[in-house]
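Please walk me through this model in the viewer, one selection at a time. I have not seen it before.

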Amino acid sequence: MTSQLQNSGPYAADIERVVVSATDIKDKIAELARKVEADYDADATSPLLLVGVLKGAFVFMADFARELQHPTEVEFMAVSSYGSSTTSSGVVRILKDLDRDIAGRHVLVVEDIIDSGLTLSWLLRNLASRNPASVQVVALLRKPDAVKVPVEVPYVGFDIPNEFVVGYGLDYSEQYRGLPFVGVLKPEVYGAG
Ligand code: 5GP
Ligand code: MG
Ligand code: MG
């Protein structure tokens, strides 16, 4: 843990604790990729369509797409959940839509973290209405609250405690996305002292 923090530049001092190490993330991504490879046909007429949910999933997407030994295409969506900054309401607005039609395609949504599951359940309904061949989800992280809105997620990296985490794509006020691990910030970073 100490060496990871030393490699984290100016942000290291803000981190209280590492929740998922860079090594564990790397190993888990390989494990998830092998499962996806086993479940999808590499010789399908069109490549598996990875849909990353911006911004948080950009780091996971980059590593997962490179690990996956299957033909893929990559798309991104950006969504914003109405509500307070800490709780999502389930009312979602599309900030950036897909650039193409997904009818008849096998879609794999790539998510950073499932918290309440509200954003994801809305997104899955939205994508399903576009008549894809299938829609599944791979999420790096999931919190216990996710059970409140049960969403079937076949590929989950880590179940983590119900704490606000940053790093590996996840931000606090747009910062910390570049950290190579997932961690918890020191309380004083939030101004809580
Ligand atoms: P949900 O609709 O599942 O409650 O919200 C999911 C979204 O909220 C995630 O995709 C992520 O952008 C954000 N989120 C949820 N929990 C955390 C967290 O612990 N840290 C950060 N940085 N973002 C989170
Ligand atoms: Mg997300
Ligand atoms: Mg955020």
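The tour below goes through a predicted model, from its sheet to the helices.

Select its six strands, which lie in the order 4-3-2-5-6-7 and form an open sheet with mixed pairing. On average, neighbouring strands are turned by 30° against each other, direction ignored.

Next, select residues 106–114 and 134–142. These are strand 5 and strand 6, which run parallel and are joined by eight bridges. Within this pair, Val110 stands opposite Val138 of strand 6.

Keep helix 2 and select helix 3, residues 58–67. The two helices pack with their axes 9 Å apart, at an angle of about 55°. To see the contact, show Ile29, Ala30, Leu32 and Ala33 of helix 2 with Asp63, Phe64 and Glu67 of helix 3. Five of these contact residues are nonpolar, two are charged and none is polar.

Last, select helix 4, residues 118–128. Which residues of helix 4 are buried? They are Leu118, Thr119, Leu120, Trp122 and Leu123. Display the strands around them: these buried residues pack against strand 2 (48–54), strand 3 (72–81), strand 4, strand 5 and strand 6.

Methods. Residues are numbered from 1 along each chain as its sequence is written. Chains are lettered from A and ligands numbered from 1 in the order in which they are written. This is a predicted model: local features need pLDDT of at least 70, side-chain atom pairs count only at pLDDT 80 or more; totals for chains, interfaces and linings use all residues. Two strands pair if DSSP finds at least two bridges between them. Helices (H or I, at least four residues) and strands (E, at least two) are DSSP runs, numbered from the N terminus. Axes are lines fitted to C-alpha atoms, for helices over the stretch in contact, and angles run from 0 to 180 degrees between N-to-C directions. A residue is buried if 20 or more other C-beta atoms lie within 10 Å of its own, exposed if 12 or fewer, and partly exposed in between; C-beta atoms are placed from the backbone. Two residues are in contact if their C-beta atoms, placed from the backbone, lie within 7 Å. Ala, Val, Leu, Ile, Met, Phe, Trp, Tyr, Cys and Pro count as nonpolar, Asp, Glu, Lys and Arg as charged, and the others, Gly among them, as polar.
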